[in-house]
Amino acid sequence: MEIRAVLAQNLKKCRQLRGLSQEELAHRADIDRTYISSLERCVYAASIEVVDQLARALDMEASDLLQRTPADEPGVCEET
């Protein structure tokens with residue numbers, strides 16, 4: 001899976017597990033909601049600064065949003 005898809009999958013999963021809408025995450029990260037939607041759909045590639053803003057808003061490390069996980073292991077936002 002390419003890194004854009006990894007970010008998209010992890011971003012959406014983490015946002016949903018925290019019970020945040022795209023709009024609420026956008027507000028917390030000071031990013032436009034439509035940009036978050038585009039990231040989750042792999043339309044845009046995020047800069048490292050944007051990845052950091054999103055991670056901080058989700059109270060996690062930026063590296064966690066870029067972490068690939070095998071299909072048989074829990075995702076970065078799921079409890080083990």
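Is Glu-40 buried or exposed, and what is its relative accessible area? I began with this residue, keeping in mind that the model is predicted. Glu-40 lies in helix H3, and I found it buried, with a relative accessible area of 10%.

I then looked up what surrounds Glu-40. Its side chain is joined to that of Arg-15 by a polar contact of 2.7 Å. Setting aside neighbours within four places in sequence, I noted that Glu-40 is in contact with Ala-8, Leu-11, Lys-12, Arg-15 and Gln-22.

Next I turned to helix H4, which covers residues 48–57 and whose buried residues are Val-50, Val-51, Leu-54, Ala-55 and Ala-57. Looking down the axis of H4, I saw that these buried residues fall within an arc of 165 degrees, so they line one face of the helix. On the other side of H4, I recorded Ile-48, Glu-49 and Arg-56 as exposed. The buried residues of H4 pack against helix H1 (3–17), helix H2 (22–29), helix H3 (33–40) and helix H5 (62–65). After H4 comes Asp-59, and I noted that its phi is positive, near 55 degrees.

Last, I checked the aromatic rings and found 1 aromatic pair in the structure.

Definitions and conventions:
Residues are numbered from 1 along each chain as its sequence is written. This is a predicted model: local features need pLDDT of at least 70, side-chain atom pairs count only at pLDDT 80 or more; totals for chains, interfaces and linings use all residues. Side-chain values use heavy atoms; hydrogens and water are left out. Rings of Phe, Tyr and Trp (its six-membered ring) pair if their centres lie within 6.5 Å; planes under 30 degrees apart count as stacked, over 60 as edge-to-face and the rest as tilted. Buried means under 20% relative accessible area, exposed over 50%, partly exposed in between (1.4 Å probe, protein chains only). Helices (H or I, at least four residues) and strands (E, at least two) are DSSP runs, numbered from the N terminus. The arc is that of the directions from the helix axis to the C-beta atoms. Contact means heavy atoms within 4.5 Å. A polar contact is a pair of N or O atoms within 3.5 Å; within protein, one must be able to donate a hydrogen and the other to accept it, and residues adjacent in sequence count only if both atoms are side-chain atoms.
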